[in-house]
Amino acid sequence: MRTFVGGQEAHSEAEFAELALGIDIDLFRGPLESETDGERAAREDVARDVLADLRAEAEAGDEIAGWDALYADALTRTVPFLRAARDHRAGTGEAA
């Protein structure tokens, strides 16, 4: 079975969520691959700006933006399991 959202095919559950909610999961959660400190800082700056915009839209009465803000905020508190396992195996002891 194929799933389409807004005319685009979703190939995975994560891609379906991104298309349906309009939220870039990697932006808020972080990529599965490692990223440099500079890349992480830039990604987190953009994520903060997007989250602030979503919250402002929610306060202005956009209920969907409010739900998107809650989802995006929750993603910022997660660590991809595969990345955490890789870091642990590498001996860094870091979760993110």
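Contact here means heavy atoms within 4.5 Å. The model is a predicted one, so local features need pLDDT of at least 70 and side-chain atom pairs count only at pLDDT 80 or more, while totals for chains, interfaces and linings use all residues. Residues are numbered from 1 along each chain as its sequence is written, and side-chain values use heavy atoms, with hydrogens and water left out.

Arg43 sits in helix H3 (helices, H or I, of at least four residues and strands, E, of at least two are DSSP runs, numbered from the N terminus). Setting aside residues up to four places away in sequence, Arg43 touches Asp26, Leu27, Phe28, Arg29, Gly30, Pro31 and Glu35. Its relative accessible area comes out at 14%, which counts as buried (buried means under 20% relative accessible area, exposed over 50%, and partly exposed in between, with a 1.4 Å probe and protein chains only).

As for the overall layout, the chain has five helices and two strands, and its elements run β-β-α-α-α-α-α from the N terminus on. Of the 96 residues in the chain, 25% are buried. Taking contacts between residues at least 6 apart in sequence, 37% join residues at least 24 apart.

Back to the charges. The structure holds six salt bridges (a salt bridge is a side-chain nitrogen of Lys or Arg within 4 Å of a carboxyl oxygen of Asp or Glu). One of them pairs Arg43 with Glu35, at 2.7 Å from N to O. Glu35 also meets Arg40 in a salt bridge, this time at 3.5 Å, N to O. On the accessibility side, Glu35 counts as buried at 15%, and Arg40 is partly exposed at 23%. Another salt bridge links Arg48 to Asp45, with the closest N and O atoms 2.4 Å apart. Both of these residues lie in helix H3 (residues 37-59), three residues apart, or about one turn of the helix. Asp45 is partly exposed, at 40% relative accessibility. Through shared partners, salt bridges join Glu35, Arg40 and Arg43 into one network.

Next comes helix H4. H4 has 13 residues and reaches 19 Å from its first C-alpha to its last, close to the 18 Å expected at 1.5 Å a residue (the expected span is 1.5 Å times one less than the number of residues). At the start of H4, a side-chain oxygen of Asp62 comes to within 3.1 Å of the backbone nitrogen of Ile64. The buried residues of H4 are Ala65, Gly66, Asp68, Ala69, Ala72, Asp73 and Leu75, and these buried residues pack against helix H1 (13-21), helix H2 (25-29) and H3.

Asp68 is buried yet has no salt bridge, and the nearest side chain of opposite charge, that of Arg55, is 12 Å away (Lys and Arg count as positive and Asp and Glu as negative; His and the chain ends are not counted). Leaving aside neighbours within four places in sequence, Asp68 is in contact with Leu21, Ile23 and Leu54.

Tyr71 also belongs to helix H4, and it counts as partly exposed at 27% relative accessibility. Not counting residues up to four places away in sequence, Tyr71 touches Ala17, Leu21, Ile23 and Ile25. The C-alpha atoms of Tyr71 and Phe28 are separated by 9.5 Å, with the two residues 43 apart along the chain. Ile25, for its part, touches Ala14, Ala17, Glu18, Gly30, Tyr71 and Leu75, again without residues up to four places away in sequence.

That leaves the nonpolar side (a nonpolar core is a set of buried Ala, Val, Leu, Ile, Met, Phe, Trp, Tyr and Cys residues joined through side-chain atoms within 4.5 Å). The largest nonpolar core has 12 residues in all: Ala17, Ile23, Ile25, Leu27, Phe28, Ala47, Leu51, Leu54, Ala65, Ala69, Ala72 and Leu75. H2, H3 and H4 each supply at least two residues of this core. The largest share, four residues, comes from H4.

Definitions and conventions:
A polar contact is a pair of N or O atoms within 3.5 Å; within protein, one must be able to donate a hydrogen and the other to accept it, and residues adjacent in sequence count only if both atoms are side-chain atoms.
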